[in-house]
Amino acid sequence: MPRINPISLFKQTPVRVLLPSALMLLLFAGSIFLYFLPSLEKELMNSKKEIIREMTSSVIGSLNHLQSQVEQGTISRETAMTTAKGLVKALRYGRDSKDYFWISDMDARMVIHPYLPELDGQDLSEFRDLRGTPLFTTFADTIRQNGSGFVEYYWQWKDQPEQIAHKISYIRPFKPWGWILGTGMYIDDVTAEIAIYRNKIAVMFFAILVSISLLSLYIIRQTYLSEQKKASIQKQRERLVKVLQESEERYRTIADFAYDWETWVDGNGTILYCSPACKRITGYPPERFFATPELVRDIIIEEDRPTWDDYCVSANTDQGDSLDFRITSAHGDPRWLSVVGRAVSGIGGKPLGIRFSFRDITERKHMEEQLRHQALHDPLTNLANRTVCLDRLGQAMHRAKRRDNYFFAVIFLDLDRFKVINDSLGHHFGDMVLIETATRLSEEMRGLDTVSRFGGDEFVLLLDELASPGEAIRIIKRIRKKMSTPFHFYDKEVQTTASFGIVLSPIGDSKPADILQQANIAMHHAKDTGRNRFRVFTERMLETAVDQLSLENDMRRGLEADEFHLEYQPILNLDDSDLRGFEALIRWQHPKRGILAPSDFIPIAEESGLIIQLGEWVLHTALKTLAHWRELTPNAKDITMSVNLSSKQFSRLRLDQMVIRALKESGLPPSSLQLEITESAIMNNTESAIRSLHRLRKAGIHFSIDDFGTGYSSLSQLQQLPVDTLKVDRGFVSRMRIDQENMDIVRAVIALAHSLGLGVIAEGVETTDQLCSLINLKCENVQGFFFHQPMVDQQALRLILDRTNGEKTTSREKIEKAKQNCGCG
């Protein structure tokens, strides 16, 4: 190899050209490295932030899913929040799986923190970091001002409380529960990662520079040795150009095949780049936008154009804010787009225009609209729900305050006997009845009225812009007639009616919820008066409701204060004119209202559930009293005690165990107890009623059906029940002499009882004529004021002792005298 002379080498033209070029390349490579280093750090930081945003959005999506289950009634809000806390607390990510999410609320109270559970539930409004920043107050302020965002502060290093580090967190609200969801990254982590990338790039640049230097030396050497090497140098250059072309083609391919529509617009409004995705989104090819840049604005729906113009001004920054707007596609259909615009700058910060990224969000908007509809409408009937009803009622009340001669009405509607339909035909038929009811109500409403389902079989109607309050009554009569028409489903006919409670404007200063409460009170008054009726709310109804609530509270206190006592009405046998037993009747010695009869408080006790406790007390007290009588006189051994059971008691579980336990505690034989049940109690609980009756009957307890003839028992059902006695209702007995139909009913009941081998007791006997009629109809037993009024236990004991001593009682004399005077012998 020839020796190379450095001086002669430098004189060569290639050397004089390549050596300065190599030096310039070294300087250029260093400049590129220094220029892109800040951008690299910024892009890495932005990438980390975007990842945090996406993970937070994913967690928010999980919380929204739980909230949707709450709104659908699948789970309770407390269960959903507990599930959400556990989910967020268990989430980990990052290099060592130690990065986490935390939750606080808008009052700066910590909800959960995975590494600091001692802070859960604490008020952290005064908590500050090393710089004195009130962290959790700052989080809440950021949410109120920006909706979401990043906050820098100092916090413990992951799970190491002794190490404090600089941190930046992204916070986002979950409004349904008032939560702030946050997660973040430590600046030291990012700095360390940037350092790794910086070192790698430095090594890469150094390697490139070394390679270029060696390549230049090689070329110089080869040039010096032979000019023939020029061909290979030229070939090498051509290869490098090809690599650059291929690289540019790869980048353009990525841009052209992006799912979003990418557009670059310079400062003059000229479109420099438009990706092919624009045709999929708008229906127009890129060529149309290149030829007509104004087309981007022209396809925007007119109502959204001012917003778009304002956005184009604000988008000329590096913030990257987004905007949702509507366009009309080339096919004429409206579509929703979301755009993110960001200013583009060249070397030295030279402005190059704005880059827009458009995404089709039509399906998402439709889903949001569907979810909004579901949140405000009943899923079964598609009617407005409680929320919409209260909102529109509030609007009507507001209009009524501003306008004279403005009238509206609120109607609370409840289907009559809907529970019977559900229980007898099943919930599927019940749902069909509700859907058909919604359809009928909607057909009878005007366009400005509101029909809403309030839950179960309850509906609320808001009649707006009425000419007069009387117009509401006419509409309700029309609806009532429509509701009386039978429902036909498959091969079944379902008949139901509705009860209506009405509140008419003007209503004074009330809240929407108060108006609905008043309409509900009026509806219950309509039901109490016979169903298929309507009642207009009055202040007296509210006073009655308040009075009933007060009476319920007094009843709870009265049970604890021993204000209740029993009175006993004798039951007499007409065959031997002897005392058969007593019916235990509860009385209430109210401290302010005096003695209250059962009719004054038993309905309230049944509605509130106090009847269970009250009935158990009656049973124990009556049996204890009878046991005491039997201890005092042997002639009380055949005396029985009749105790009434309400439908609420009859439907409770383990009723038979409670009764048998009471008998054991009293020491009485089961045959001494006669339980009185109503027809309605049996019919509302037919299967369970029969099972309970048979278990008690097997134990030796006797039964009588009270107020027989007022219900709807069938003969087949009556034959299935282990009943001993039928009691004829006092309403039939009192009208036997003045109404032949009532006489026929009493005769039929007595004949039915005898045909089934049952005894009969006639209630409410108050006159000699009534007693004569019952004797002639072969009625075995009677009770009523004609003989004795209900008496306290000492008076009843006196009656038993008179019977023991063989004294002729007043009741015996009345029976014997009636037998003589009535021609019965």
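Trainee: What covers the buried residues of α29?

Mentor: The cover includes β19 (564-573) and α27 (768-776). Please note that this is a predicted model, in which local features need pLDDT of at least 70, side-chain atom pairs count only at pLDDT 80 or more, and totals for chains, interfaces and linings use all residues. Residues are numbered from 1 along each chain as its sequence is written, and side-chain values use heavy atoms, with hydrogens and water left out.

Trainee: Which residues of α29 are buried?

Mentor: They are Ser811, Ile815, Ala818 and Lys819. Buried means under 20% relative accessible area, exposed over 50%, and partly exposed in between (1.4 Å probe, protein chains only). On the other side of α29, Lys817, Gln820 and Asn821 are exposed.

Trainee: Why are the buried residues of α29 said to line one face of the helix?

Mentor: Seen down the axis of α29, they fall within an arc of 100°, so they line one face. The arc is that of the directions from the helix axis to the C-beta atoms.

Trainee: How many residues has helix α29, and what span does it reach?

Mentor: Helix α29 (residues 810-821) has 12 residues and reaches 16 Å from its first C-alpha to its last, close to the 16 Å expected at 1.5 Å a residue. The expected span is 1.5 Å times one less than the number of residues. Helices (H or I, at least four residues) and strands (E, at least two) are DSSP runs, numbered from the N terminus.

Trainee: Why is Thr640 called buried?

Mentor: Its relative accessible area is 18%, so Thr640 counts as buried. Thr640 is found in strand β22 (residues 640-644). Leaving aside neighbours within four places in sequence, Thr640 is in contact (heavy atoms within 4.5 Å) with residues including Arg580, Phe582 and Leu626.

Trainee: What makes Arg335 and Asp360 a salt bridge?

Mentor: The closest N and O atoms are 2.7 Å apart, and the definition asks for a side-chain nitrogen of Lys or Arg within 4 Å of a carboxyl oxygen of Asp or Glu; the pair therefore qualifies. Arg335 lies in strand β10 (residues 334-345) and Asp360 in strand β11 (residues 351-360), 25 residues apart. At 22% relative accessibility, Arg335 counts as partly exposed, and Asp360 is partly exposed at 22% as well.

Trainee: How do you know that Lys482 and Glu444 meet the criterion, and is each one buried or partly exposed?

Mentor: Their closest N and O atoms are 3.1 Å apart, and they form a salt bridge. The pair links helix α15 (residues 469-483), which holds Lys482, to helix α14 (residues 427-444), which holds Glu444. Lys482 is partly exposed at 25%, whereas Glu444 is buried at 15%. Glu443, Glu444, Arg478 and Lys482 are linked in a network of salt bridges.

Trainee: Why are β8 and β9 called edge strands?

Mentor: The open sheet of five strands has the order β8-β7-β11-β10-β9, with antiparallel pairing. β8 (271-274) and β9 (322-328) each have a single partner strand, so one side of each is left without a neighbour in the sheet.

How values were computed
Two strands pair if DSSP finds at least two bridges between them.
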